[in-house]
Amino acid sequence: MRGILRLQLACFWAVLIWSDVSFQHPQTTDRYQYTASVFAQLHPTEMRAVRTFMLSQKHLNLSTAKSQTLKKNYIFLIQLQMPKKHHVLSFLRGTGCVPRRNAKVVIFFGAEPAPNVTEFIVGPLPRPTYYHAVPLRGNRPIKYASRPTTILEYTLIHEKLVEVTKPATLLLKESSGFWWTNCSDHCLTFTDVAPRGQRSGERKTWFILQRAVEGFFLHPIGFEILLNHESLNPQDWLVEKVWFHGQYFDSVDQLVWSYNLGNVNISPLPEYHSEGLYSSYTPRGHFQSRTEIPGPRLYQPQGQRYTVRGNAVLYSGWSFAFRSQATTGLQLFNVQFNDEPIAYEISVQEAIAFYSGHSPAGMQTKYIDTAWGMGTMDYELAKGIDCPEIATYRDVHHFVDTDQPIRHKNALCIFEYPTSVPLRRHFDSNFKGSFNFYGALEGHILVIRTTSTVYNYDYLWDFIFYQNGVIEVKVHATGYIHSTFFTPDGVNYGTKVHGYVLGNLHTHLIHYKVDLDVAGRFYTW
């Protein structure tokens with residue numbers, strides 16, 4: 001009894017000291033919501049508190065994200081830093097205090113003599129008083145050239161591409177009908193591919209020029225540029241290679257010179273017409289279904305059969321905590337069935353796509369989607385389409401490449417729906433034209449869903465809970481394909497999906513972390 005009392009007093013003072021909030025014993029609050037709170041994503045007020053605290057550290061010389069220079073030190077990312085698993089398990093068992101709540105902060109130090117990327121742990125929340133750098137394995141710094149591309153850098157890249165292609169304006173007009181200078185509704189845009197180079201420390205990217213129309217992913221014009229943008233001074237960025245309609249050139253000027261001499265073979269693209277655009281999502285053609293009659297809808301005659309409290313969910317014996325991580329996406333923690341531990345964590349970790357192709361951009365494309373902030377691409381869900389209208393919706397907040405938390409309204413949904421397949425059933429025939437009995441159980445499942453629109457692809461992430469104790473994870477890939485310009489040799493690397501568009505062969509790898517507790521809990525230090 002004395003040990004329990006000492007623990008409660010210790011937790012009491014820990015809460016007072018580290019959180020500066022009044023102490024509440026777990027038994028006075030909802031048990032599931034209380035325990036799930038240790039996994040909850042950072043609240044916007046916590047994000048702002050962390051940012052304010054780090055900006056107050058004058059020796060870090062931090063600027064704002066909006067500062068219009070790459071030579072700056074600034075906060076790129078703020079997200080929850082998960083406490084050690086053994087601390088969380090002690091808390092969940094009631095033998096330990098609530099773990100200190102900390103944030104992970106990623107800072108781009110671009111104004112330093114040796115630019116670098118450094119991760120910090122900041123806490124305790126909600127009122128930070130300390131921070132320290134996270135040591136990396138082997139004490140090797142993160143190379144600055146390996147950092148994600150920011151909004152500002154993309155803006156500067158666009159300006160550079162406009163500048164370097166200006167001498168090719170006539171060529172672009174005659175070959176594609178689109179250009180960049182004074183282009184009105186016939187402007188160009190671009191898609192960048194990764195990796196950005198062939199060696200560690202490089203920052204060289206192939207850019208695919210495209211018509212800036214709806215579904216521009218399907219409108220490559222056969223013009224690709226390799227731009228070296230490693231320098232923090234955009235004036236030093238250089239074009240290292242150009243690919244145009246199957247031919248390589250050392251510069252845009254060399255391409256224009258060859259074109260003017262008639263040494264470049266081109267196949268002019270079809271004239272652009274905004275009506276009936278093949279890449280548009282506007283419905284067209286004849287639908288076999290009767291579109292004037294609404295399709296089936298879900299309804300709940302007597303309300304929801306699941307409960308959502310904060311970031312805790314309870315359903316038909318299941319209980320779990322959820323959050324959306326800025327870098328990776330949807331994560332579930334402390335998954336239990338009938339109060340038996342099933343998994344400490346089940347979470348999305350990565351989505352990778354490897355491409356083949358005949359053009360340099362196609363053959364080099366190897367997308368690692370967390371580098372594009374996969375978890376921050378969870379935009380608002382359309383009720384009745386992305387999720388049922390009766391679903392429970394939750395907002396998601398992120399702090400990535402910004403000066404204030406960004407809110408994505410209704411970016412996560414939770415709903416129950418019938419499987420239309422019995423969970424179990426039996427028809428017991430008497431073999432005399434009748435039956436002895438029929439027994440069955442309706443099949444229902446609970447789904448928690450978010451999306452990630454990583455440029456052209458839209459991923460729908462589902463975690464599905466069955467009433468018989470089964471968990472299923474599922475991802476739906478939709479959106480637009482990643483395409484390149486079609487050349488005769490392109491048929492070896494994909495399929496011709498339109499007159500001048502190649503759908504490149506590729507493969508997807510989806511990575512999950514599954515920390516099972518089926519045979520007992522195990523510590524992960």
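A: A surface patch is built from residues with over 30% relative accessible area and no salt bridge, and nonpolar side chains are joined within 5 Å. In this predicted model, F427, F435 and Y438 form such a nonpolar patch on the surface, and together they have about 320 Å² of accessible area. Y438 is placed in strand β21, which covers residues 435–441. The relative accessible area of Y438 is 44%, so this residue is partly exposed.

A polar atom of the Q68 side chain lies 2.7 Å from the backbone oxygen of K66.

The charged side chains come next. The whole structure has 21 salt bridges, a salt bridge being a side-chain nitrogen of Lys or Arg within 4 Å of a carboxyl oxygen of Asp or Glu. One of them joins K85 and D517, whose closest N and O atoms are 3.9 Å apart. This pair links distant parts of the chain: K85 belongs to helix α4 (residues 85–93), D517 belongs to the segment after β28 (506–516), and the two are 432 residues apart. Buried means under 20% relative accessible area. K85 therefore counts as buried, at 3% relative accessibility, and D517 is buried because its relative accessible area is 2%.

E153 and R203 form a salt bridge as well, at 2.8 Å from N to O. Here too distant parts of the chain are linked, with E153 in helix α5 (residues 151–165) and R203 in the loop between β7 (188–192) and β8 (204–211), 50 residues apart. Both E153 and R203 are buried.

A further salt bridge joins E202 and K204, with the closest N and O atoms 3.8 Å apart. E202 is buried, as is K204. These two residues also belong to a network of salt bridges that links R199, E202, K204 and E240.

Residues lining the largest cavity include D192, Y367, D369, W372 and H508.

Note on methods: Residues numbered from 1 in each chain as written. Predicted model: local features only at pLDDT ≥ 70, side-chain atom pairs only at ≥ 80, totals over all residues. Heavy atoms only, no water. Patch = residues over 30% accessible without salt bridge, like charges linked within 9 Å, V, L, I, M, F, W, Y side chains within 5 Å. Areas by Shrake-Rupley, 256 points an atom, 1.4 Å probe, with all protein chains shown as cover. Helix = DSSP H or I, 4+ residues; strand = E, 2+ residues; numbered from the N terminus. Buried < 20%, exposed > 50% of the residue type's maximum accessible area, 1.4 Å probe, protein only. Polar contact = N/O pair within 3.5 Å; in protein donor to acceptor, adjacent residues only side chain to side chain. 1 Å grid on protein atoms, 1.4 Å probe; cavity = no way out; pocket = protein on both sides within 12 Å on 5 of 7 lines; lining within 4 Å.
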